[in-house]
Amino acid sequence: MKEYVYAISDIHGEYELFQQLVDFYDETKHQLVLIGDLNDRGKKSKDCFLLGKKLAEEHGAIYLRGNHEEYFLQFLQNPEDWYPGYVRNGGKETMESLLHKGATEEYSPTEIAMMIRSRYSELVEFLVQRPLYYEWEDYIFVHAGVDLLKKDWHDTSPHDFIWIRDAFHQGKNNTGKTIVFGHTITPMLHGDMQTTDLWLSDGKIGIDGGAVFGGSVHGVIFDKTGIVQDIEYQNMNGPWQPDF
């Protein structure tokens with residue numbers, strides 16, 4: 001077991017910021033954990049997917065499934081049904097990153113899904129196999145959160161591991177663990193829609209600074225006792241625009 005965990009979350013196609021965080025990764029000391037949502041909204045989802053896959057397969061990173069990986073996979077399974085909702089939530093950027101700019105105007109949802117499945121079969125299979133959480137020492141790393149009403153948090157539904165929000169944020173953490181998560185941007189958790197700092201409350205640590213909306217990305221290094229370092233990069237490409 002490594003001495004530290006290095007957690008990164010919710011990159012959303014912001015490849016340059018992802019690279020900057022990965023530069024701090026020391027494979028000899030850190031267990032790298034990617035807490036999901038590498039794709040959608042940002043323009044370089046393909047590059048983020050492939051870097052995440054490489055880090056997992058060649059460097060032992062743990063890449064967890066987020067709700068946007070789930071969106072992508074559901075779209076590929078049922079393209080006509082999922083296309084409108086997926087596009088509203090940033091899927092167009094992922095489709096065109098994997099194919100080419102303008103592809104969503106040229107082809108039907110079914111054609112897009114068929115081309116992606118054909119060209120990126122190894123990536124799709126890799127994403128299907130992503131775990132929903134990772135335990136290390138007294139920590140749980142998960143995309144969205146856990147069901148705190150369950151006697152054993154391991155019994156959380158797959159849906160809640162990647163989608164839960166308020167019930168987790170506001171619930172009492174009786175797991176005996178510190179829960180590190182992304183999914184909900186910290187400006188929302190702080191309640192001011194401005195603060196991109198980490199959110200810490202009741203043994204829960206939110207690390208999604210809303211980079212794709214003009215906020216920041218966090219790379220957080222933990223040891224057994226707590227946070228060792230918080231590496232934060234602001235997205236300098238535009239103003240804060242929390243447009244959901």
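Helices here are DSSP runs of H or I with at least four residues, strands are runs of E with at least two, and both are numbered from the N terminus. The model is a predicted one, in which local features need pLDDT of at least 70 and side-chain atom pairs count only at pLDDT 80 or more, while totals for chains, interfaces and linings use all residues. Residues are numbered from 1 along each chain as its sequence is written, and side-chain values use heavy atoms, with hydrogens and water left out.

I then noted the geometry: helix 2 (residues 45–59) and helix 5 (residues 91–98) pack at about 75°, with their axes 7 Å apart, where axes are lines fitted to C-alpha atoms, for helices over the stretch in contact, and angles run from 0 to 180 degrees between N-to-C directions. That angle makes helix 2 roughly perpendicular to helix 5, the range for this word being 65 to 115 degrees. By class, I recorded two nonpolar, three polar and one charged residues in the contact of helix 2 with helix 5; Ala, Val, Leu, Ile, Met, Phe, Trp, Tyr, Cys and Pro count as nonpolar, Asp, Glu, Lys and Arg as charged, and the others, Gly among them, as polar.

I traced an open sheet of five strands in the order 3-2-1-9-10, with mixed pairing, two strands being paired if DSSP finds at least two bridges between them. Strand 3 (62–63) and strand 10 (226–234) stand at the edges with a single partner strand each, so one side of each has no neighbour in the sheet.

Going along the order, I found strand 2 and strand 3 paired in the parallel sense over two bridges, with Val-33 opposite Ile-62 of strand 3. Strand 1 (residues 4–8) runs parallel to strand 2 and is joined to it by five bridges, whereas strand 1 and strand 9 run antiparallel and share four bridges. Val-5 has Gln-31 as its bridge partner in strand 2 and Phe-222 as its bridge partner in strand 9. Eight bridges join strand 9 to strand 10, which run antiparallel, and a hairpin of two residues links strand 9 to strand 10.

For cover, I saw that His-30, Leu-32 and Leu-34 on one side of strand 2 and Gln-31 and Val-33 on the other are all buried, buried meaning under 20% relative accessible area with a 1.4 Å probe, protein chains only. Seven of the eight residues of strand 9 are buried, so strand 9 is largely enclosed by the rest of the structure.

Last, I looked up Thr-104 in helix 6 (residues 103–106), which counts as buried at 9% relative accessibility. Leaving aside neighbours within four places in sequence, Thr-104 is in contact with Tyr-83, Lys-92, Met-95, Glu-96 and Ile-112.

Conventions:
Angles under 35 degrees count as roughly parallel, over 145 as roughly antiparallel, 65 to 115 as roughly perpendicular and the rest as oblique. Buried means under 20% relative accessible area, exposed over 50%, partly exposed in between (1.4 Å probe, protein chains only). Contact means heavy atoms within 4.5 Å.
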